[in-house]
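Work through the exercises below with the sequence and the 3D view open. Try each task before reading its solution.

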Amino acid sequence: MNQFFFGTFPYIALAIGIVGSIARYERDPFTWKTSSSQLLRRKQLVMGSILFHVGVLVIFAGHFVGLLTPIWVFDALGISHGAKQTLAVVAGGIAGIMALVGGGMLFHRRWTDPRIRKTSSFADIAILAMLLAQLVLGLLTIIASLGHLDGHEMVKFMAWAQGIFTLDGVAASHIADVALIFKLHIVLGLTIILVFPFTRLVHMLSVPVRYFTRPGYQIVRSRRQVPLPERGAALATAQAKPAPASDAAAQPAE
Ligand code: HEM
């Protein structure tokens, strides 16, 4: 059981997460978006979104650096295991609460606004619920972590995470005896990686910071049945033979 969840499942989740994201980008590039609902209701979005995104980004950076940096790097920098554990608890705790409050506002808005609810897919609501559940589990791990502030449990998580990426066959054994709350948190985290390509979370990979400065614009779909001739070809034809006035009037507007 331990071997499956922490030795095999990580590879299943990573494989589906990575291959699925590439396949979606290749097959359905136009579904690769944040699906922002700002147009429908701005209220609650700005504050909720800022709190959620800042919190989650701090957590991601913390998890990435904290779990995947070899322990000897911290030792070489003179950062004790206890100091690293305390930083994870304090910084992760503050960021986790910010993300939970912001995520709660986003969920409330999505669930209670009839227009946003109607335009939300099952995946939109499910992924937000999963992230909120993951934040609650993550914050609950802090209670367990407070019992070992010397950092010796944290070293086990680092050995496990790094073991997964170095194809260490016994990686799962490093966390065989950790508290259940950590295991639940890790399994849900891996599940989020697995479903990632099927949700709007893919927008993370495009780092859509241009949204902050984008000018307003509107996409208009033409009802034209026949595609327009290519621009170059149309120009050449027009120059060779100017269209009669009646024809020009019959052309639909661009
Ligand atoms: C596969 C993905 C994930 C893994 C393996 C993972 C692992 C862990 C571990 C081992 C801890 C305990 C750190 C310690 O105290 O030493 C932790 C804490 C935490 N995690 Fe995760 N996690 C994952 C995904 C997530 C996600 C997606 C979120 C948020 C949406 C999250 C939020 C938190 C929070 C708030 C804490 C408590 C604060 C902290 O210690 O940083 N985790 N996680």
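**Exercise 1. Is H203 buried, partly exposed or exposed, and why?**

Solution. Start with the rule: a residue is buried if 20 or more other C-beta atoms lie within 10 Å of its own, exposed if 12 or fewer, and partly exposed in between, with C-beta atoms placed from the backbone. Count next: H203 has 15 other C-beta atoms within 10 Å, so H203 is partly exposed. Then locate H203: it sits in the loop between α8 and α9 (231-240). Helices here are DSSP runs of H or I with at least four residues, strands are E runs of at least two, and both are numbered from the N terminus.

A note on the ground rules. This is a predicted model, where local features need pLDDT of at least 70 and side-chain atom pairs count only at pLDDT 80 or more, while totals for chains, interfaces and linings use all residues. Residues are numbered from 1 along each chain as its sequence is written.

**Exercise 2. State how confident the model is, and where confidence is lowest and highest.**

Solution. The protein averages 87, and 82% of the residues score at least 70. Now go by element. Helix α10 (residues 245-250) is lowest, at a mean of 47. Helix α8 (residues 180-195) is highest, at 98. Finally, check the stretch 246-254: pLDDT stays under 50 there, and the model has 2 contacts beyond four places in sequence for it. Two residues are in contact if their C-beta atoms, placed from the backbone, lie within 7 Å.

**Exercise 3. Describe the overall fold in numbers.**

Solution. Count elements: 10 helices and 0 strands. Turn to burial: buried residues make up 19% of the 254 residues. Then take contacts between residues at least 6 apart in sequence: 84% of them join residues at least 24 apart.

**Exercise 4. Compare the UniProt transmembrane record with the model.**

Solution. Read the record first. An unreviewed UniProt entry places "transmembrane region" at residues 6-25, 45-74, 86-107, 127-149 and 169-196. The positions use the numbering applied here, feature names are shortened, and annotations may be inferred rather than shown by experiment. Check two spans. Residues 6-25 are 100% helix and 0% strand, with end C-alpha atoms 28 Å apart. Residues 86-107 are also 100% helix and 0% strand, and their end C-alpha atoms lie 30 Å apart.

**Exercise 5. Examine the recorded binding site.**

Solution. The unreviewed UniProt entry lists H53, H63, H185 and H203 under "binding site". Take H185, in helix α8. H185 is buried because 21 other C-beta atoms lie within 10 Å. Beyond four places in sequence, H185 is in contact with Q134, L137, G138 and T141.

**Exercise 6. What does G55 touch beyond four places in sequence?**

Solution. G55 lies in helix α2. Its contacts are A95, G96, M98, A99 and G102. G55 is buried, since 22 other C-beta atoms lie within 10 Å. G55 and G103 are 48 residues apart in sequence, yet 9.5 Å apart C-alpha to C-alpha.

Technical notes. pLDDT is the predictor's confidence in each residue, from 0 to 100.
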